[in-house]
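Here is a friendly walk through the place where two chains meet, followed by a look inside one of them. Have the structure open as you read.

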Amino acid sequence: MIEARGLTKRYGKTLAVNDLSFTVQPGRVTGFLGPNGAGKSTTMRMMLGLDNPTAGVALIDGKHYRELHHPLRQIGALLDAKWVHPNRSAYAHLRWMAVSNKIPTRRVDEVLDLVGLTAVAKKRAGGFSLGMSQRLGIAGALLGDPGILLFDEPVNGLDPEGILWIRKFMHRLADEGRTVLVSSHLLSEMSLTAQELVVIGRGRLIAQRSTEDFIHAATENTVKVRSPQVSKLRDALAGTNAAMRDDADALIVSGVDAAQIGEIAAANQVVLHELSPQRGSLEEAFMQLTGDSVEYRTELAESVDQMVDVNR
Amino acid sequence: MTLLAVERIKLFSTRSPWWCMALALGLMVGFAGLVSASASNPGQVSVPVSQFGFSFALAVILVLATLSVTTEYRFNTIKTTFQAVPSRTSALLAKTIVVAFTAGVLGLVAAFGSLGIASLIQPNADMALNSEADWRQIAGTGLVTLFAAVVAVSVGILIRQTAGAVSILLAYSLVAENLVQLIPSVGADIHKWLPFNVAYRFLTGNPERAVDFQGPGSSTSTLPPWAALAYFAGFSVVMLVIAIVVAKRRDA
């Protein structure tokens, strides 16, 4: 289990992480979601004892990272696949890590095999493609067979095959009862990978709940109805559990689906000019939630926001 | 012991330390060969003369020691190191010991190699180590390179960038210390106490020969030789303590 309590990191005037508290439970993949610059990587570095928090603590199974005896056996992490000396072989890289935590060297061969790098184990890591580097990073994270795993944007820059591989891998790790925390700035990716979400924006916690709940709550399904007899339709729908709001010349109905609305309209002899189900996208939901918290706001992002508003 | 093994794997699993070691050895032994081959008579070649290339070898050893730290920062493997070994003091101390020991052995091999090549080329020269001063000049080289490596590792930890750390070390040890002598009235007195100058005193300081010894390796320090080594060692330890304290407080 990972626990963040009032975690805060200040760089000069910038508050990168602001009083962040959440827990990550074993047995499922927890997505750590937020726009770029939200403080995800900083939070992960603080969990690993690399950056010192300005305030608050991050606890690994109830302990500070620096109190862990052989940390790689308890928590494995892939924060950046490029954290490897380019002239050192994949094998040598994993070997020094193994020796440092008294992990038997045969485990190095095991994890290389697990990620499919056995054939290039003696090649210098600097010549690896991004996908291969990512696999080497994952091998390093798994080296100590840890119960907790952290991955920072593991699918960034990978091809679809690589993304699928990592996604399946995360699920397998969680199914084995491990605690898995994966950061990403893509909700669509997280909706496929994570069962639980910790959403942050500008260093603050926005939500922690199951992915299903989050998506359900964030993306309401509505039906857009246009009719010359709006008031009559409104009266007819008032008897059902429909919620309605006006949007220009149309009525946005939620709570009942398009078929029911059509039947009600027919029963009440209301003419319909349009009856179209609207589905909010994950991206919209995400922007709605983190919209105020994007650090590097651009004109483009604002105009996209407006487009989202219009579509609602 | 575990951490020493880790740092040994890290140091010798990349190519640059091997290149640096070959270069340091080649420079020092090469200079010894050159100097003894160009001497017009065996009397011009002696134990101190065979060590002519020492300051060049020392410069390369400083680079080697600095690189062992700065490449870790450059490629962020220092983060992986601190992740594997959360006690930064232990991790950095282990690195310093491995690098310093390597530098020490290298210095020793280079010194004896230079002596060997000089006596091969000038078999009739007096190359016997028959005084404490002779032994100190040859075998003591290892001690000086060892502590010099500690200084370089410390500077590497503090500066973190290869270019910056290497330029500071080389400019300081090869140029800046000597330039201090140019400061009017106090310059010479300050120079007497500057660490690399004092370190040379340990190697070349010889009450009987101090007067006539000139050339690379001469020192203006007036400390007794072993006190000079203690002073240089003390300086390197102070640097290391500062570096480790700073590394612990900084974000990796």
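Across the interface of chain B and chain A, the rule finds one salt bridge, meaning a side-chain nitrogen of Lys or Arg within 4 Å of a carboxyl oxygen of Asp or Glu. The partners are A:Lys9 and B:Asp251, whose closest N and O atoms are 2.8 Å apart.

Before going further, please note that this is a predicted model, in which local features need pLDDT of at least 70 and side-chain atom pairs count only at pLDDT 80 or more, while totals for chains, interfaces and linings use all residues. Residues are numbered from 1 along each chain as its sequence is written, chains are lettered from A and ligands numbered from 1 in the order in which they are written, and side-chain values use heavy atoms, with hydrogens and water left out.

**The interface**

| Item | Value |
|---|---|
| Residues of chain B in contact with chain A | 26 residues |
| Residues of chain A in contact with chain B | 29 residues |
| Area buried between chain B and chain A | about 2400 Å² |
| Share of that area from carbon and sulfur atoms | 60% |

B:Ile9, B:Gln83 and B:Asp251 supply 25% of the area that chain B buries against chain A, more than any other three residues. B:Asp251 is also the salt-bridge partner of A:Lys9.

Which element gives the most to the side of chain B that touches chain A? That is α5(B), with seven residues. Helices here are DSSP runs (H or I, at least four residues), and strands are runs of E (at least two), numbered from the N terminus.

**Inside chain A**

Chain A has twelve helices and 13 strands, and its C-alpha atoms fill a box of roughly 80 × 45 × 35 Å along the principal axes. Of its 312 residues, 50% count as buried, that is, under 20% relative accessible area (1.4 Å probe, protein chains only).

Strand β5 of chain A (residues 75-78) is covered on both faces. A:Ile75 and A:Ala77 are buried on one side, and A:Gly76 and A:Leu78 are buried on the other. In a regular strand the side chains alternate between the two faces of the sheet.

β5(A) runs parallel to β6 of chain A (residues 148-152), and four bridges join them; strands pair if DSSP finds at least two bridges between them. Within this pair, A:Ile75 stands opposite A:Ile148.

Technical notes:
Contact = heavy atoms within 4.5 Å. Buried area = accessible area lost by both parts, 1.4 Å probe.
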